[in-house]
Amino acid sequence: MIRIGIVAHLLGQFLLFLAGSLAIPTIVGVFSLTDDPRPTLWAGFLAALLGTLLYLGFDRPQSDLTRREGFLLVVAVWVGVCLLGCLPFYFSPYFPTFVDAFFESTSGFTTTGASVLAQVEVLPPSLQFWRCFSHWLGGMGVVLLGIAILPLLATGGLNLYQAQFGGAQADKLRPRVLETARSLWKVYVAISLAEYVALRFAGMNAFEAVCHTFSTMGTGGFSTRTASIAGFRSPLIEFIIIFFMIAASINFTQHYRLFVERRPRAFLSAEVKAHLWIVFLSTAVIVTSLLRSTDYSFSTAFRAALFQVASIITCTGFVTDDFEKWQPLPQLLLLVLMYVGGNTGSTAGGIKTYRVVLLMRVIGRELRRLASPRGVFTVRVGQQPIAENTIQSLLSLVQLMLIVNLVCLALMSAAGVDLLTGLSAVASTMFGVGPGLGDVGPAEHYGHLPQLAKWVLCGSMLAGRLEFYSALVIVTPLFWRK
């Protein structure tokens, strides 16, 4: 039996943390002479009120969370944070409807970076800060943050950890999940500080450096400028962001092994190597295409190709070039990279490089079985043999992804969205990228879409961020049976 009261009590803790987070953009608004801090102030008050009611109104857990309670809490946290996180937008005059505010908030916390705004510069500093800060909080995961800092979540933390990263490898650095979460957050904060210093050195002012650090490390893509990174017109800034986008898309346990344990060989795992090779080969293909079809110089083509490949495969979504003006092959390649995504245990979205590599190994094994029916073949990634139940879980997850993708695409078509726009919008939001093709391309926005389409894409963002199974398991009748 699921103890709803326990889940509500723990949800209250997360909402109190959210209220504390909203105090930061409120302070930004107070110190800005052109800002109105009331939207974030009222949102923080309501989050604190609801969080207090849940925290005090229900009993604290006396035993570990069960696996089902972990799944329910994860879904409740993500939906609750997105709902309350949208209130600063809704209370402001810049988002005309609730669905627009909810879309922006969901896009922020799920690190998608898709926006309904035609002009980002109209937002005051407090809302600019909150958009990007939501990326940073959602990047490492609101739930993982809770495990790291909220004391009650040390109880039953493993079930919550597994619910958050359903389908991914739970690669723990320490025997206790609480210690692992704190270790990963220390690495996350350290790399964020390094990027902030680098961007300041490259010429960004303090406010924009903070905002773009949040967006880069969360692989989100919200920018303080409508033109995104192209608005800075600085090759140095572009290369700094390329480096940190790729860093954020690599499993953070690998960063820990490199910088803390001083184990560079452990850092270059099979997944990291495959990820870097995909970036290199994709960049080479797009550079070749740009040199043949445009008047770009090699340096311009290389910079544009590398930035967009890094931005799309890491699911960040920053833009320096309108890739809708490129040839069909580079556009198709970028669409494929949306599905691939970053590493497991990173802030990036997508299917994840490890799963793609494993899927290719499984296909290769089946081909060898056809050629030699009596042969016995073991699937390996690097030197590690993969168990059959892991392979079956992967195939089931890919199948579920495709089904959810097709359902969302059908709903987008029912809402009147054309096929190219619908296909790229669903892929972009489901895997946390941001810009797509068609009417949601890199020079466009999502604000003009019908309301039904926006709700569908909000669901797509949450489903992708929750690794599909975590989002869907709670709607099955078996989940609620005693």
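Me: What covers the buried residues of H14?

Reply: This is a predicted model, and in it the cover over the buried residues of H14 includes helix H11 (235-248), helix H12 (252-259), helix H13 (264-267), helix H15 (298-313), H16 and helix H17 (353-371).

Me: And which residues of H14 are the buried ones?

Reply: They are Glu-271, Val-272, Ala-274, His-275, Val-279, Ser-282, Thr-283, Ile-286, Val-287, Ser-289 and Leu-290.

Me: What share of the residues count as buried, and what does the exposed surface consist of?

Reply: Of the 482 residues, 57% count as buried. The protein exposes about 20100 Å², and carbon and sulfur atoms supply 65% of that area. As for how the chain meets itself, among contacts between residues at least 6 apart in sequence, 71% join residues at least 24 apart.

Me: Which residues touch the most other members in the largest nonpolar core?

Reply: Those are Ile-241, Tyr-446 and Phe-468, in a core of 130 residues. Apart from that core lies another one, of 11 residues, among them Val-357, Leu-358, Ile-386 and Val-398.

Me: What is Ile-241 in contact with, leaving aside its neighbours within four places in sequence?

Reply: With those neighbours left aside, Ile-241 is in contact with Glu-195, Leu-199, Met-204, Thr-216, Ile-229, Phe-307 and Phe-318.

Me: Switching to Thr-421, where is it, and is it buried or exposed?

Reply: Thr-421 is in helix H19 (residues 419-430), and it counts as buried because its relative accessibility is 1%. Its side chain reaches the backbone nitrogen of Asp-439 at 2.9 Å. Beyond its neighbours within four places in sequence, Thr-421 is in contact with Leu-437, Gly-438, Asp-439, Val-440 and Leu-449.

Me: How many residues of H19 are buried, and what do they pack against?

Reply: Nine of the 12 residues are buried, which leaves H19 mostly covered, and the buried ones include Gly-422, Ala-425 and Met-430. They pack against helix H16 (328-340), helix H18 (388-414) and helix H20 (451-465).

Me: What happens at the start of H19, and what follows it?

Reply: At the start, a side-chain oxygen of Asp-418 reaches to within 3.3 Å of the backbone nitrogen of Leu-420. H19 is followed by Gly-432, whose phi is positive, near 70 degrees.

Me: Last one, what does the side chain of Glu-208 make a polar contact with?

Reply: The partner is the side chain of Thr-224, at 2.8 Å. Glu-208 itself is found in helix H10 (residues 206-217), where it counts as buried because its relative accessible area is 9%, the cut-off for buried being under 20%. Leaving aside its neighbours within four places in sequence, Glu-208 is in contact with Thr-224, Arg-225 and Phe-232.

Key:
Residues numbered from 1 in each chain as written. Predicted model: local features only at pLDDT ≥ 70, side-chain atom pairs only at ≥ 80, totals over all residues. Heavy atoms only, no water. Helix = DSSP H or I, 4+ residues; strand = E, 2+ residues; numbered from the N terminus. Buried < 20%, exposed > 50% of the residue type's maximum accessible area, 1.4 Å probe, protein only. Polar contact = N/O pair within 3.5 Å; in protein donor to acceptor, adjacent residues only side chain to side chain. Contact = heavy atoms within 4.5 Å. Core = buried A, V, L, I, M, F, W, Y, C linked by side-chain atoms within 4.5 Å. Areas by Shrake-Rupley, 256 points an atom, 1.4 Å probe, with all protein chains shown as cover.
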